[in-house]
Amino acid sequence: MNVRCPNCKNSFSLSRDYMSTAVAEAKDKKQKYHAMSCPSCRKTVKVSISQMQRYLPRQQASGKEQQSSGDAG
Ligand SMILES: [Zn+2]
């Protein structure tokens with residue numbers, strides 16, 4: 001998913017792996033945002049947890065796997 005830094009307007013992409021960890025950590029701390037530093041300007045950028053979750057597969061043990069093709073957006 002792409003994140004845009006409000007400070008330098010640079011956009012960068014987050015990997016699923018990264019988001020998965022970030023969401024887990026935020027949930028643990030009951031935070032609604034994940035704070036990370038912008039790779040460009042090193043300023044703190046807040047990324048909405050709910051936004052990240054939309055890009056992650058549901059963490060359910062059972063259920064059919066749906067094929068998601070391509071990236072829309
Ligand atoms: Zn920045």
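Helices (H or I, at least four residues) and strands (E, at least two) are taken here as DSSP runs, numbered from the N terminus. On that basis the chain holds two helices and four strands, and from the N terminus on its elements run β-β-α-β-β-α. The model is a predicted one, in which local features need pLDDT of at least 70 and side-chain atom pairs count only at pLDDT 80 or more, while totals for chains, interfaces and linings use all residues. Residues are numbered from 1 along each chain as its sequence is written.

Burial comes next. A residue is called buried if 20 or more other C-beta atoms lie within 10 Å of its own, exposed if 12 or fewer, and partly exposed in between, with the C-beta atoms placed from the backbone. Of the 73 residues in the chain, 10% are buried. Among the contacts in the chain with a separation of 6 or more, 51% join residues 24 or more positions apart.

H1 has 13 residues and reaches 18 Å from its first C-alpha to its last, close to the 18 Å expected at 1.5 Å a residue; the expected span is 1.5 Å times one less than the number of residues in the helix. In H1, the residues Met 19, Ala 22 and Val 23 are buried. They lie on the same side of H1 because they cover an arc of only 100 degrees around the axis, the arc being that of the directions from the helix axis to the C-beta atoms. An α-helix has 3.6 residues a turn, so residues three or four places apart point the same way. On the other side of H1, Asp 17, Thr 21, Glu 25 and Asp 28 are exposed. The buried residues of H1 pack against strand S3 and helix H2 (49-53).

Strand S3 (residues 33-37) in turn pairs with S4 in the antiparallel sense over five bridges, where pairing requires that DSSP finds at least two bridges between the two strands.

Most residues other than glycine have a negative phi, and most peptide bonds are trans. Lys 9, found in the loop between strand S1 (2-4) and strand S2 (11-13), has a phi near 65 degrees, a positive value in a residue other than glycine. Lys 9 counts as exposed because it has 9 C-beta neighbours inside 10 Å. Just after H1, Lys 30 takes a positive phi of about 60 degrees; its place is in the loop between helix H1 (16-28) and S3. With 6 C-beta neighbours inside 10 Å, Lys 30 likewise counts as exposed.

Val 45 lies in strand S4 (residues 44-48) and is buried, with 22 C-beta neighbours inside 10 Å. Not counting residues up to four places away in sequence, Val 45 touches Val 3, Cys 5, Pro 6, Met 36 and Cys 38.

Val 3, one of the residues touched by Val 45, is found in strand S1. Val 3 is buried, with 21 other C-beta atoms within 10 Å. Beyond residues up to four places away in sequence, Val 3 touches Ser 11, Phe 12, Leu 14, Val 45 and Val 47. The C-alpha atoms of Val 3 and Ser 48, 45 residues apart along the chain, are separated by 10.0 Å.

Phe 12 extends this picture to strand S2, where it has its place. With 13 C-beta neighbours inside 10 Å, Phe 12 counts as partly exposed. Leaving aside neighbours within four places in sequence, Phe 12 is in contact with Val 3 and Pro 39. Phe 12 and Pro 39 are 27 residues apart along the chain, and their C-alpha atoms are separated by 7.9 Å.

Terms used:
Two residues are in contact if their C-beta atoms, placed from the backbone, lie within 7 Å.
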